[in-house]
Amino acid sequence: MWWMMGENGGHYCSKKSDDLCGSQESDRGFGISRLCCILRGVDLKSILFLLIIVPMCVLGVYIHGLKISYFLRPLWESPPKPFHEIPHYHHENASMESLCKLHGWGIREYPRRVYDAVLFSTEVELLTIRWKELYPYVTQFVLLESNSTFTGLPKPFVFASHRDEFKFIEPRLTYGSIGGRFKKGEKNPFYEEAYQRIALDQLLRIAGITDDDLLIMSDVDEIPSRHTINLLRWCDDTPQILHLRLKNYLYSFEFPVDDKSWRASVHRYQTGKTRYAHYRQSDVILADSGWHCSFCFRRISEFVFKMKAYSHYDRVRFAHYLNPRRVQRVICNGADLFDMIPEEYTFKDIIGKMGPIPHSYSAVHLPAFLLENAERYKFLLPGNCLRDEE
């Protein structure tokens, strides 16, 4: 026999085995002899486990590790404190006095001034829709753009090259540009984002904002509805800081995600206290206040650029994510560009939102300028998922 079972069920080498293995001792030493004996005690299942199953598990964790982490999020992260929701009342034929009263607010003798301030990257179409929506009620449009993305990628001054398209707001525009820091080795995009938001604070002061003016803080793709801003400029005793709950869309208004977008906010400006930011700043939120259309671009190249440029660029784990054919396929399917698990705080919500977003065929209650120029912006409307490549 080559091997025998010991008293405790373990393997040990027989004398014949020792002789065969031991014959190598003079040439290769005692260590190789012992290795020979050990290997004879390893069965086929163990070898398969070590050589096949373990590497497959390691590969699976490498490929799907982020998914696993997001799926297990309810185990390691508690949901944030709920907002106090303010019901939103509106009808175009209702008087402003009645609407303010329904919200529990008084009516002013004259409306507040309104400042709309944004950091701009490349979203020319959405900026146009935003400014057309807000134009009747905004006193000053404030825009800052940089020649770098939050991730440090160089970019042209896109707005500057398209400025002629925005002549309708030129008398009310305060425009500023800022050079990117391009700090070598800095890998945290949120530092660059914070740097640009501080610069936007300075630009607001140049624009002439004063105490009790309304300041809209939101990204270009977070668009408050015009009647929301009109309500807040006419009503008295509104909250000092009020978040806006927006309807969440992905790729276009064909793919409604939910109504959980909350980062947009409106502030009654206070000199020395108000700071431009994009995080939670109060516990009060106004329901149904506009639209958040994320990754709503005309061209595939714009999708690819943003995937590499925005603050969560680390989600591009594999180069094929940026393949234009894949990007186009994902858009039309309503799937996730980064192959991610939904960012939720309960297993019920995660499972309920897994998979592609269902198509919607409703284009009701969208920005007026979008519908009035439907042919120009048809890529944002239901049934038009195909994008231009360049």
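This is a predicted model: local features need pLDDT of at least 70, side-chain atom pairs count only at pLDDT 80 or more; totals for chains, interfaces and linings use all residues.
A residue is termed buried when its relative accessible area is under 20%, exposed when that area is over 50%, and partly exposed in between.

A search of the whole structure returned 18 aromatic pairs. In one of these, formed by Phe166 and Phe168, the ring centres are separated by 6.3 Å and the planes meet at 40°, so the arrangement is classed as tilted. The two partners fall into separate accessibility classes: Phe166, with a relative accessible area of 1%, is buried, whereas Phe168 is partly exposed because its relative accessibility is 23%, a value in the range between the 20% and 50% limits. Tyr249 and Phe253 also pair through their rings, in an edge-to-face arrangement with 4.8 Å from centre to centre and 70° between the planes.

Phe166 and Phe168 belong to a cluster joined by ring pairs. Lys132 is placed over the face of Phe168, 4.0 Å from the centre of the ring. Over the ring of Tyr135 sits the charged end of Arg172, at 3.9 Å from the ring centre.

Pro171 is part of the loop that runs between helix H8 (158-161) and strand E7 (173-178). Its relative accessibility is 74%, and Pro171 therefore counts as exposed. Between Pro171 and Thr139 there is a separation of 32 residues in sequence, while their C-alpha atoms are 9.9 Å apart in space.

Helix H12 spans residues 324-333. Its buried residues are Arg326, Val327, Gln328, Val330, Ile331 and Cys332. Among the elements that cover these buried residues is helix H11 (300-309). At the start of H12, the backbone nitrogen of Arg325 has a side-chain oxygen of Asn323 within 2.9 Å. Beyond the other end of the helix comes Gly334, which follows H12 and has a positive phi, near 70°.

Methods: Residues are numbered from 1 along each chain as its sequence is written. Side-chain values use heavy atoms; hydrogens and water are left out. Buried means under 20% relative accessible area, exposed over 50%, partly exposed in between (1.4 Å probe, protein chains only). Helices (H or I, at least four residues) and strands (E, at least two) are DSSP runs, numbered from the N terminus. Contact means heavy atoms within 4.5 Å. A polar contact is a pair of N or O atoms within 3.5 Å; within protein, one must be able to donate a hydrogen and the other to accept it, and residues adjacent in sequence count only if both atoms are side-chain atoms. Rings of Phe, Tyr and Trp (its six-membered ring) pair if their centres lie within 6.5 Å; planes under 30 degrees apart count as stacked, over 60 as edge-to-face and the rest as tilted. A charge sits over a ring if NZ of Lys or CZ of Arg is within 6 Å of the ring centre and within 35 degrees of the ring normal.
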